[in-house]
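Please read this note with the sequence and the model open side by side.

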Amino acid sequence: MKKICVVTGTRAEYGLLRWVMEGIRQSRVLELQLVATGMHLSPEFGMTVNAIEADGFKIDRKVEMLLSSDTPIGVAKSMGLGMIGFADALADLQPDLMLVLGDRYEIFAAASAAMIARIPIAHLHGGETTEGAFDEAIRHSITKMSHLHFVAAEEYRRHVIQLGEHPDRVFNVGGLGIDNILRLKLLTREELEADLDFKFLSRNLLITFHPVTLEHNTSADQMQEILAALAELEDVGLIFTMPNADTEGRVLFQKIKDFCLQHSNARAYTSLGQLRYLSCIQHVDGVVGNSSSGLAEVPSFKKGTINIGDRQRGRIKAASVIDSEPNRKSIRVALDHIFSAEFQTKLSTVENPYGNAGASDAIVRKLESQFLGDLLKKRFYDLPGP
């Protein structure tokens, strides 16, 4: 049996990994090891490790690393704690391969520890670009520490190869979020309202806004502009999900809480979980903010996305995505556009550039067939000359 150690640190990332984990667990030749870290273990962010265990997964190790701080110093120190914790966890578990997804600092710490421990890494969703966040550098760094690459689009496959990775180890399997949408039985509107204890209005929006981590002290101002634009809407239900544990994230928490106290049509949730989150997308009229989900998953629902600011700049986008500057005037124009009959009519023809489905199975089948014993030493792949 090949021991595959999956690391997860956030609610969103777990949602993408879930069916890969299930496939590994069901495999006759793979053994699943699961390490939970980061926000999963934090009461402030909803202790989402409980949701993983409720889905029937056994957590093999818990790596505590989050400090109660959202300053650059606090985040950097958390990364250091993560490397210490992952060094011990990997020494205990002795996996044949570590599987990670994305671009967060928790995953960077895990990948760094695996690299030094000479454990090969499979990286999911590499090659993507997000020019407004330090996730960009983290993602490409993890690519260079990794040995197998599963990407979501052909453009991202080319990016990974440009970084010197051999084309034979870079596989375009499509986006993982679509698998989750198709495999989960989503809640009806009535079930969702009861679960959220929130009555939908005639029109509704789902809002998720994370800090733009490569900008200094802009999070509070940008959030204020979003809230000012939303406050002008009439008869629109507003469902907020709280931001991730990023630099300058706490000020966003407080602003959202204050807004909801002053507006009866708004409600905030620390973590919706995958079922309620995807069910919300199904039943709202559009999604607002700067989450990658707005680009990678929402188009599959034939719903519009207002993508605010630079955090996702560079990512592939469907025709259903409306870009907006982070000021109330631009956001107000985008809100009028997303509610317009003309835009809503066009949504039925939108194609999701992140594929249709099947990424999870494709990854598991490759892990089953791949010999893992000779992955560590890589040769830099030069692109063919002109």
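1. The model is predicted. The domain assignment divides the protein into domain 1 (2–174 + 358–369) and domain 2 (186–349). Taken over C-alpha atoms, the centres of domain 1 and domain 2 are 26 Å apart. In the contact, domain 1 takes part with 31 residues and domain 2 with 27 residues.

2. The size of an interface is often given as the accessible area lost when the parts come together. For domain 1 and domain 2 the buried area is about 2400 Å², with 46% of it on carbon and sulfur atoms.

3. Side chains of opposite charge can pair when their charged atoms come close. Between domain 1 and domain 2 there are 4 salt bridges, while a search of the whole structure gives 25 salt bridges. Another salt bridge joins the side chains of R250 and E44, at 3.1 Å from N to O.

4. Rolling a probe the size of a water molecule over the atoms shows where empty space is left. The largest pocket holds about 300 Å³ of space. It is lined by 17 residues, and those closest to its centre are A51, L272, G273, Q274 and L275. By class, the lining of the largest pocket has 6 nonpolar, 7 polar and 4 charged residues.

5. The largest share comes from α11, with 4 residues.

6. The whole structure has 2 cavities of 30 Å³ or more. The largest cavity has a volume of about 680 Å³. Its lining is made of 32 residues, of which A12, E13, S291, S292 and S293 are the closest to its centre. Two or more lining residues come from each of α1, α11 and α12 (293–296), and the largest share, 4 residues, is from α1.

7. The lining of the largest cavity divides into 7 nonpolar, 16 polar and 9 charged residues. Domain 1 and domain 2 each provide at least three residues of this lining.

8. The second largest cavity has about 30 Å³ of space. Its lining consists of V287, G289, N290, S291, G294, L295, T305, I306 and N307. The elements β11 (286–289), α12 and β12 each give two or more of these residues, and β12 has the largest share, with 3 residues.

Note on methods:
Residues numbered from 1 in each chain as written. Predicted model: local features only at pLDDT ≥ 70, side-chain atom pairs only at ≥ 80, totals over all residues. Heavy atoms only, no water. 1 Å grid on protein atoms, 1.4 Å probe; cavity = no way out; pocket = protein on both sides within 12 Å on 5 of 7 lines; lining within 4 Å. Points joined across faces, edges and corners; volume = space filled by probe spheres on them. Nonpolar A, V, L, I, M, F, W, Y, C, P; charged D, E, K, R; others polar. Domains from an automatic or database assignment. Contact = heavy atoms within 4.5 Å. Buried area = accessible area lost by both parts, 1.4 Å probe.
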